[in-house]
Amino acid sequence: MVAHPDTDRTGIGSEETGKTITGTGSVSGLRALLLTGTLDSAVRMGFLTFLPFLLKSKGAGTAGIGLALSLLFIGGAFGKLFCGYLGARIGMMKTVWLTESATSLLIVLAVWLPLVGMMAMLPLLGLALNGTSSVLYGVVPELAAAGKREQTFALFYTGTIGGGALAPILFGRLGDVAGIPVAAVTLAAILLFTLPLSWWVQKALEE
């Protein structure tokens, strides 16, 4: 007698649905991840605020600023794909260390390089600047407590978006007081705090 196809599929489906992916529920790891994402978002939005002013100070016109933003966003689009692949290959912590260190260095170079050099490295900066967030989002389910995945995602989104919203106001004020170069270098320095934070997240994932 031939087994009924529907019966076979139902059995397989019930076995698969019985397997649920649960996170560690680490409160300290989640806090470290939230702070990492908030700092990453704040630096990204802060730099985007300063970029047109940096370009103008180097002699770029309206067309040049538009081209620079296009180069940055093109790099950012590839960054999402590349960093997601990299995170799967070498892990979250190593990927964050690589991308955030590169972002910090490239922000400093953007302040001091001439216009041509700055334009040439903007795609790479966009890749590093925008790619980290895709890796961080992927870690959220692994740290969420059982049954609280949606709530954890909501908390993470709120924190990162809030950091990005406040950054132009806070760092814009710093730029008014100390100048755009000082404010941009400050952003680069702040981003380095994500390195120990990502180590703490990795530690929570391994517990």
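Author: Let us begin with a definition: helices (H or I, at least four residues) and strands (E, at least two) are DSSP runs, numbered from the N terminus. This is a predicted model, in which local features need pLDDT of at least 70 and side-chain atom pairs count only at pLDDT 80 or more, while totals for chains, interfaces and linings use all residues. Residues are numbered from 1 along each chain as its sequence is written, and side-chain values use heavy atoms, with hydrogens and water left out.

Reader: Which residues of helix 7 are buried?

Author: In helix 7 the buried ones are Ala-183, Ala-184, Leu-187, Ala-188 and Leu-191. Seen down the axis of helix 7, the buried residues fall within an arc of 145° (taken from the directions from the helix axis to the C-beta atoms), so they line one face of the helix. As background, an α-helix has 3.6 residues a turn, so residues three or four places apart point the same way.

Reader: What covers those buried residues?

Author: The cover of the buried residues of helix 7 includes helix 2 (27–57), helix 4 (92–112), helix 6 (149–178) and helix 8 (194–206), with contact meaning heavy atoms within 4.5 Å.

Reader: New topic: at what angle do helix 4 and helix 8 cross?

Author: Their axes, which are lines fitted to C-alpha atoms over the stretch in contact, with angles running from 0 to 180 degrees between N-to-C directions, come within 9 Å and cross at roughly 170°. Helix 4 and helix 8 are therefore roughly antiparallel to each other, since angles under 35 degrees count as roughly parallel, over 145 as roughly antiparallel, 65 to 115 as roughly perpendicular and the rest as oblique.

Reader: Which residues make that contact?

Author: Among them are Met-92, Val-96 and Trp-97 of helix 4, and Leu-195, Trp-199 and Leu-205 of helix 8.

Reader: Last one, where does Ala-68 lie, and what does Ala-68 touch?

Author: Ala-68 lies in helix 3 (residues 62–90) and is buried, with a relative accessible area of 0%. Not counting residues up to four places away in sequence, Ala-68 touches Leu-55, Met-119 and Leu-122.

Definitions and conventions: Buried < 20%, exposed > 50% of the residue type's maximum accessible area, 1.4 Å probe, protein only.
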